[in-house]
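Work through the exercises below with the sequence and the model open. Each task is followed by a solution in steps.

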Amino acid sequence: MKAPLQITLRDMPHSDAIEAAIRKRAEKLEQISDNILRCHVVIEATHRHKHQGKHYQVRIDVTVPGDEIAIGRDPTERGDREDVYVAIRDAFDAAK
């Protein structure tokens with residue numbers, strides 16, 4: 001990656017473990033394509049469900065020469081988005 005990985009956590013406290021999981025996945029993504037210029041990952045804890053735990057929405061913006069790719073995983077698509085690590089995994093799998 002030409003630019004450093006950007007990680008933004010919204011409506012949730014900073015977590016070294018979450019950042020480490022994101023960095024690990026980003027490194028694997030970079031192994032697939034060495035043309036990645038920039039990668040920005042945003043994780044947002046949503047508060048839409050009163051009786052269930054928090055759900056996590058993950059968005060990955062990847063810039064490659066001549067194009068920008070946006071991957072978004074909606075927490076309402078599947079019930080397992082209550083686990084931030086599953087949400088991260090699924091978003092990066094979609095990015096591949």
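Angles under 35 degrees count as roughly parallel, over 145 as roughly antiparallel, 65 to 115 as roughly perpendicular and the rest as oblique. The model used here is a predicted one.

**Exercise 1. The two helices**

Task: Find how helix 1 and helix 2 are oriented relative to each other, and state which residues meet between them.

Solution. 
Step 1. Place the elements. The protein chain contains two helices and four strands, and their order along the sequence is β-α-β-β-β-α. Helix 1 covers residues 16-32, and helix 2 covers residues 84-95.
Step 2. Take the angle. The two helix axes come within 10 Å and cross at roughly 15°.
Step 3. Apply the cut-off. An angle under 35 degrees counts as roughly parallel, and helix 1 and helix 2 are therefore roughly parallel to each other.
Step 4. The crossing of helix 1 and helix 2 is right-handed.
Step 5. List the contacts. From helix 1, Ala17, Ile18, Ala21, Ile22, Arg25, Ala26 and Leu29 take part; they meet Val84, Tyr85, Ile88, Arg89, Phe92, Asp93 and Ala95 of helix 2.

**Exercise 2. Ile18**

Task: Decide whether Ile18 is buried or exposed, and name the residues it touches.

Solution. 
Step 1. Locate the residue. Ile18 is part of helix 1.
Step 2. Classify it. Buried means under 20% relative accessible area; Ile18 has 6%, so Ile18 is buried.
Step 3. Collect its contacts. Leaving out residues up to four places away in sequence, Ile18 touches Leu9, Met12, Ile43, Val84, Tyr85 and Ile88.
Step 4. Check a distance. Ile7 is eleven residues from Ile18 in sequence, and their C-alpha atoms are 9.7 Å apart.

**Exercise 3. Salt bridges**

Task: How many salt bridges does a search of the whole structure find? Describe the pairs Arg23 and Glu19, Asp90 and Arg89, and Asp93 and Lys96, with the accessibility of each partner.

Solution. 
Step 1. Count. The search gives four salt bridges. Side chains of opposite charge can pair when their charged atoms come close.
Step 2. Arg23 and Glu19. Their side chains form a salt bridge at 3.8 Å, N to O. Both residues belong to helix 1 and are four residues apart, about one turn of the helix. Arg23 is partly exposed at 38% relative accessibility, whereas Glu19 is buried at 18%.
Step 3. Asp90 and Arg89. This salt bridge spans 3.0 Å, N to O. Asp90 has a relative accessible area of 10% and is buried; Arg89, with 31%, is partly exposed.
Step 4. Asp93 and Lys96. The closest N and O atoms of this salt bridge are 3.9 Å apart. Asp93 is partly exposed at 39% relative accessibility, and Lys96 is exposed at 54%.

**Exercise 4. The whole chain**

Task: What share of the residues is buried, and what share of the contacts with a separation of 6 or more joins residues 24 or more positions apart?

Solution. 
Step 1. Of the 96 residues in the protein chain, 39% are buried.
Step 2. Among contacts with a separation of 6 or more, 55% are between residues 24 or more positions apart.
Step 3. For the surface, the protein chain exposes about 5,800 Å², of which carbon and sulfur atoms supply 45%.

How values were computed
Residues numbered from 1 in each chain as written. Predicted model: local features only at pLDDT ≥ 70, side-chain atom pairs only at ≥ 80, totals over all residues. Heavy atoms only, no water. Buried < 20%, exposed > 50% of the residue type's maximum accessible area, 1.4 Å probe, protein only. Contact = heavy atoms within 4.5 Å. Areas by Shrake-Rupley, 256 points an atom, 1.4 Å probe, with all protein chains shown as cover. Axes fitted to C-alpha atoms, helices over the stretch in contact; angles between N-to-C directions. Left-handed = near helix turned anticlockwise from the far one by under 90°.
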